[in-house]
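Please look over the chain shown below before reading the briefing, which moves from the surface and the confidence of the model to its cores and salt bridges.

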Amino acid sequence: MGQRGSIVRRPLMRDFYAGFAERALEKGWLKLFALQIDGVTLAVQIGYLYNGIFYQMQEGFDPDGPGGLGNVLRHEVLSWCITNKVKEYDYLGGDGEQKLKWGAKQRAGYHLFCGAKSLKNWLLAMADIWPTVRFIAEGPPVSYGSSND
């Protein structure tokens, strides 16, 4: 609680979502939900609908707003999914307690590591050593590429 959102903390993640959102919008997959009170947006959820499955990619709420905003919005999104005969709501990324409270079920997934052709990446692949998702997701520090480096 009280932390800046992941989009602010991780510029590479922000860039990924911005690029993906543009392409998903072009394909008609993008879904953006917002909860507003008196015309002020207090919670958002972004994802995409593909092949009858809603993939929830990111969500956030105003920590200074009324309590439970994220849960209210999730309820509305799930209601939208039911009304629109969406087959599944996929939280993506992990199985935290909050997700399990909403009835999420664990399932196997796959990890994919993409990297430039380099000796380091070749050695990692040959040794079956892969950086953790946390390492990849964090990306370089915010100051990466700045004139202060």
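**Briefing on the predicted chain**

The protein chain has an accessible surface of about 11300 Å², and 58% of that surface belongs to carbon and sulfur atoms (areas follow the Shrake-Rupley method with a 1.4 Å probe, and for residues only the protein chains shown count as cover). This is a predicted model, in which local features need pLDDT of at least 70 and side-chain atom pairs count only at pLDDT 80 or more, while totals for chains, interfaces and linings use all residues. Residues are numbered from 1 along each chain as its sequence is written, and side-chain values use heavy atoms, with hydrogens and water left out.

**Confidence**

- The mean pLDDT of the protein chain is 77, with 66% of its residues at 70 or more (pLDDT is the predictor's confidence in each residue, from 0 to 100).
- Strand β1 (residues 30-37) has the highest mean pLDDT among the elements, 94, whereas helix α6 (residues 133-138) has the lowest, 47.
- Over residues 133-149 the pLDDT stays under 50, and the model has eleven contacts beyond four places in sequence for this stretch (a contact means heavy atoms within 4.5 Å).
- Where pLDDT is low, the predicted coordinates should not be read in detail.

**Architecture**

- The secondary structure consists of six helices and four strands, arranged along the sequence in the pattern α-α-β-β-β-α-β-α-α-α (helices are DSSP runs of H or I with at least four residues, strands are runs of E with at least two, and both are numbered from the N terminus).
- Of the 149 residues in the protein chain, 21% are buried (buried means under 20% relative accessible area, exposed over 50%, and partly exposed in between, with a 1.4 Å probe and protein chains only).
- Among contacts between residues at least 6 apart in sequence, 42% join residues at least 24 apart.

**Nonpolar cores**

- The largest nonpolar core has twelve residues, among them Phe 33, Leu 35, Leu 42, Phe 54, Leu 69, Val 77 and Tyr 91 (such a core is a set of buried Ala, Val, Leu, Ile, Met, Phe, Trp, Tyr and Cys residues joined through side-chain atoms within 4.5 Å).
- At least two residues of this core come from each of β1, β2 (40-50) and α3 (69-83), and α3 gives the most, with four residues.
- A second, separate core of six residues includes Tyr 48, Ile 53, Tyr 55 and Met 57.
- Leaving aside residues up to four places away in sequence, Leu 42 touches Leu 35, Ile 37, Gly 60, Phe 61, Asp 62, Pro 66 and Leu 69.

**Salt bridges**

- The structure holds two salt bridges (a side-chain nitrogen of Lys or Arg within 4 Å of a carboxyl oxygen of Asp or Glu).
- In one of them, Arg 74 pairs with Glu 59, with the closest N and O atoms 2.6 Å apart.
- Because Arg 74 lies in helix α3 and Glu 59 in strand β3 (residues 53-61), the pair ties together parts that are 15 residues apart in sequence.
- Arg 74 is buried, with a relative accessible area of 3%, whereas Glu 59 is partly exposed at 36%.
- Asp 15 and Arg 14 also meet through their side chains in a salt bridge (3.6 Å, N to O); Asp 15 is partly exposed at 45% relative accessibility, and Arg 14 is partly exposed at 38%.

**Surface patch**

- Leu 119, Trp 122, Leu 123 and Met 126 make a nonpolar surface patch of about 480 Å² (patches are made of residues with over 30% relative accessible area and no salt bridge, like charges being joined within 9 Å and nonpolar side chains, namely Val, Leu, Ile, Met, Phe, Trp and Tyr, within 5 Å).
- Leu 119 is placed in helix α5 (residues 119-126) and counts as exposed, at 61% relative accessibility.
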